[in-house]
Amino acid sequence: MRHIPVEPPPFFRRGPSPLARLVFFGLISIALLFVDTRYHYLEGIRHVAATILYPLQRAAQLPGEALAGAGNYFASLRSLTEDNVALKRQSVEHAAAAQAFAATQQENARLRALLDVRTNYATAARAVDVLYTSRDPFAQKLFVDKGADADIRPGEAVIDADGVVGQVTRVYPNMAEVTLVTDKDHAVPVQVQRSGVRSVLYGAGAGRAPELRFMAPSADIQVGDVLVTSGLDGTYPPGLAVARVATLERETGQIFARIACAPIAGVDRSEHLLVLGRATAAFPRPEEPTDLDTAKKPGKGKRRSGGIP
Amino acid sequence: MVLPNIAHLPTAAPEEILRPARPWFIVATLACALAANLLPLSGVALALRPDFIALVLLYWCIQEPRYAGVGIAWGVGLVMDVGDATLFGQHALAYAFLAYAAEYFRRRVLRFPLWQQAAQVAALLGLCAGLVLLVRYVGGAPLPRWTYAVPPLVGALLWPVVTLVLQWLQRPGGH
């Protein structure tokens, strides 16, 4: 079945030629790309367009939600009962730890008061659900179902039950964009839990393991070490699990060790996340970089859409 | 003089006469394609998902070049950039090139049966994906995995389906 379209003969000029239009729109595109990469003037336009697009986006999510709803409806009573029993047992197991935590927190507060140390992060946290992962194959991002309406701000840390997932990089009225720790332009200041060695964990893009760069081959680090946030950037509260050291290569000829890590959190699996509030009192920026960690900060500044205070 | 008997000559099949596309219909199909592109997929489904907007744009640029051209494609690309939260102008540039290539090759593409058209559509969609890759690579993004080449191929396989569905919708009494 072939369809031959009918069109009037080109007796009359119908505007500029396709090539002229291509050149015109191509130049505008390149200008937009340049402005969007180098500066951030276009965020306002993006927000307006995203708001207009929001109903269509929600509509596209309806089929999936309906399917999930039907699946939940038919979930067997037995599995629910089993879940319930398991969760109750877990809750009892956690009860002791929770009570101890309350006591520890009080003790901590007293000690902090004695030492005159400021509380370094707010405990305000909002539970969010993942709407969808980004369709951009060049970036590791996902979108969650709350945004400016839930007072989520750029730069806030996002975690799941196991550890750090990423940070909020763009906030729309009803949703927010989270850049994952595996994104190439993302860096987290971390500390080895066992030895206290500080470093920065750099994402490497889809399918590649995040790595610790610029670590001396003699650094006190082992395969299996847990990396937790050091809190030096003021973005991530300290002490959150980020990744585990997966492979370690110390070659004598190299200046730095090659350290590949595996994220602990279900970065590409978790559906329910928690957005942590920002530090209530940001530490003043030191006048001059004095030690190794502050010297590393300018490198982080290259992040395209990072939320550096 | 004996006139040839034309009664036994083959007549045009009724499917080949389509109603002229109305602008609202083109807009509606593009909106549907946009919704399909915004489906919250993940994993394998996301890796296989073709760019429906590129497919539908290609269809309209080939079938109705008076209505759909470089300008429309560019505008739709900007919307897609917002929907995907990618760099502003990335999809716009790729779709503008796609529309131009469609305009350039349309007479050639239409000459072939659908499955051979699909092969040429694969090349056009590949050009579109290649442009996006080039833009992002220049912008400092890492090279994607080989699965990046899958969606254009899936799109080409879907080309006959998209064509048949859109033509069916345009057929008299098809709505």
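Student: Is Phe25(B) buried, partly exposed or exposed?
Tutor: In this predicted model, Phe25(B) sits in helix α1 (residues 23-37) of chain B. A residue needs 20 or more other C-beta atoms within 10 Å to be buried, and 12 or fewer to be exposed. Phe25(B) has 18 C-beta neighbours inside 10 Å, so it counts as partly exposed.

Student: How far apart in space are Phe25(B) and Met80(B)?
Tutor: Along the sequence, 55 residues separate Phe25(B) from Met80(B). In space, from C-alpha to C-alpha, the distance is 19 Å.

Student: Let's look at chain B as a whole. Which pattern does chain B follow along its sequence?
Tutor: Chain B holds 7 helices and 0 strands. Of its 175 residues, 42% are buried. Read along the sequence, the pattern is α-α-α-α-α-α-α.

Student: Where in α7(B) does the kink lie?
Tutor: Helix α7 of chain B covers residues 150-170, and its 21 residues reach 30 Å from first C-alpha to last, close to the 30 Å expected. The kink is about 40° and comes shortly before the proline Pro160(B). Its position is Leu158(B).

Student: Which helices of chain B do the buried residues of α7(B) pack against?
Tutor: The buried residues of α7(B) are Pro151(B), Pro152(B), Gly155(B), Ala156(B), Trp159(B), Thr163(B) and Gln170(B). Their packing partners in chain B are α2 (44-48), α3 (52-63) and α6 (114-138).

Student: Now to where the chains meet. Which element gives the most to the side of chain A that touches chain B?
Tutor: The contact takes 42 residues from chain A and 43 residues from chain B. On the chain A side, the elements giving two or more residues are α1, α2 (43-73) and β1 (125-133). By class, that side has 20 nonpolar, 11 polar and 11 charged residues. With 11 residues, the element that gives the most is α1(A).

Student: How are α1(A) and α4(B) oriented to each other?
Tutor: Helix α1 (residues 18-38) of chain A and helix α4 (residues 70-84) of chain B pack at about 25°, with axes 9 Å apart. Pro18(A), Arg21(A), Leu22(A) and Phe25(A) make the contact from α1(A), while Val70(B), Gly71(B) and Trp74(B) make it from α4(B). These contact residues divide into 5 nonpolar, 1 polar and 1 charged. Angles under 35 degrees count as roughly parallel, and α1(A) and α4(B) are therefore roughly parallel.

Student: And how is α2(A) oriented to α4(B)?
Tutor: The axes of α2(A) and α4(B) are 9 Å apart and cross at an angle of about 85°. Arg46(A), Ala49(A), Ala50(A), Leu53(A) and Gln57(A) of α2(A) meet Val79(B), Val82(B) and Gly83(B) of α4(B). The residues of this contact divide into 5 nonpolar, 2 polar and 1 charged. The angle makes α2(A) and α4(B) roughly perpendicular.

Student: Back inside chain A, is Leu180(A) buried or exposed?
Tutor: Leu180(A) lies in strand β5 (residues 176-180) of chain A. Leaving out residues up to four places away in sequence, Leu180(A) touches Gln140(A), Lys141(A), Leu142(A), Val165(A), Gly166(A), His186(A) and Val267(A). Because 24 other C-beta atoms lie within 10 Å, Leu180(A) is buried.

Student: What distance separates the C-alpha atoms of Leu180(A) and Val158(A)?
Tutor: Leu180(A) and Val158(A) are 22 residues apart along the chain. Their C-alpha atoms are separated by 8.8 Å.

Technical notes: Residues numbered from 1 in each chain as written. Chains lettered and ligands numbered in written order. Predicted model: local features only at pLDDT ≥ 70, side-chain atom pairs only at ≥ 80, totals over all residues. Helix = DSSP H or I, 4+ residues; strand = E, 2+ residues; numbered from the N terminus. Expected span 1.5 Å × (residues − 1). Bend = angle between axes of the 7 residues up to and from the residue. Contact = placed C-beta atoms within 7 Å. Axes fitted to C-alpha atoms, helices over the stretch in contact; angles between N-to-C directions. Parallel < 35°, antiparallel > 145°, perpendicular 65-115°, else oblique. Nonpolar A, V, L, I, M, F, W, Y, C, P; charged D, E, K, R; others polar.
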